[in-house]
Amino acid sequence: MPPRLEALQRLGTMNLCLRPATTTAPKIPLMPLIQTANLSQRERKRKAKQDPYRWAQAQQRKNANLKRRGELQAERDALLGDPIWGRKTPFLESLETAARPKAVEAADGTSTTVTPRSHYLSDAEIDEVAEHARALTKPVVGAVSSQLEDVPGEAESQTQHDRRHARAVEALHRITALENGSGRDRHHFNVQRIVNEFGRHRTDGAVAPKPAALNASTVEMPPRAGADTGSSEVQIAILTAKIRNLADALSANRGYKDIHNKRNLRLMLHKRQKLLRYMERKERGSGRWTNMIEKLGLTPAMWRGQIELR
């Protein structure tokens with residue numbers, strides 16, 4: 001048997017190239033890169049200030065950018081409006097001056113002064129009650145009293161009675177005047193005006209409704225019984241009047257310490273925000289929505305985003 005030769009363990013250990021070996025040039029290590037992004041803010045400022053002209057240009061661009069950003073933010077805030085006060089409208093101003101006497105012109109051109117009354121009274125009702133009381137208290141001269149000397153005569157008794165009756169009627173007018181009433185009486189009077197202004201029992205025929213849907217229901221709704229006090233626009237108007245009164249009270253007399261009423265104001269603001277979002281979803285673009293926004297001076301800040309009180 002022929003002898004066995006030892007085989008090579010790896011062919012890679014053998015150099016099969018017959019060309020002479022060449023020497024390779026040594027590798028030069030690369031210089032480390034310095035990135036400006038890794039520099040600290042203090043180092044960047046120090047390097048930028050080495051060139052004063054370049055630093056002044058950078059500061060000028062920064063100030064112009066901040067100024068423009070502030071102007072845009074002010075424009076956005078102006079478009080959103082105030083979440084509490086909104087815009088001033090004649091209807092809101094009339095709620096504040098509802099208790100003052102007003103001059104009303106009649107059809108014949110004469111003007112009469114109408115004074116709002118508390119407890120839902122009118123001048124005609126007060127005059128009717130006063131005349132009835134005058135008839136009941138009219139002095140009657142009897143047969144015995146007419147023969148006495150100390151008893152005043154019929155003409156003098158009637159004069160005294162008329163004088164006392166005039167004073168009583170004047171006192172009755174002052175007592176029932178809404179200008180001399182409490183804040184609760186003025187609020188009830190304003191609520192009655194709001195119901196008559198925004199109630200659907202009056203606006204259904206005067207304000208254009210929302211266009212009907214394609215698959216609208218054919219079931220007729222029953223007629224309204226009495227005044228409409230539960231519609232969303234009526235509730236929003238009542239909440240707006242309450243919010244303005246409470247915010248006016250908190251803005252004076254060190255109201256920043258009144259934590260209880262500040263919480264009540266926040267609750268009413270969020271309740272009105274929910275109703276406005278519902279109205280925007282259901283009635284946006286209709287005559288009811290436009291009429292409510294214009295008369296109450298509502299702004300987008302009252303139903304968009306988050307309401308914050310400072």
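By the rule applied here, the count comes to one cavity of 30 Å³ or more; on a 1 Å grid over the protein atoms alone, a cavity is a set of points where a 1.4 Å probe fits but cannot get out, and lining residues have an atom within 4 Å of a point. The model is predicted, local features need pLDDT of at least 70, side-chain atom pairs count only at pLDDT 80 or more, and totals for chains, interfaces and linings use all residues. Residues are numbered from 1 along each chain, and side-chain values use heavy atoms, without hydrogens and water.

A pocket is an open set with protein on both sides within 12 Å along at least five of seven lines.

| Space | Volume | Lining residues by class |
|---|---|---|
| Largest cavity | about 50 Å³ | three nonpolar, two polar, three charged |
| Largest pocket | about 500 Å³ | nine nonpolar, one polar, five charged |

Glu197, Phe198, Thr203, Val207, Glu233, Arg288, Asn291 and Met292 line the largest cavity. Helices H6 (183-198) and H10 (287-296) each supply at least two of its lining residues, and H10 gives the most, with three. Helices are DSSP runs (H or I, at least four residues) numbered from the N terminus.

The largest pocket has 15 lining residues, of which Arg200, Ser217, Val219, Met221 and Arg288 lie nearest its centre.

Just after H10, Gly297 adopts a positive phi of about 65°.

Note on methods:
Points joined across faces, edges and corners; volume = space filled by probe spheres on them. Nonpolar A, V, L, I, M, F, W, Y, C, P; charged D, E, K, R; others polar.
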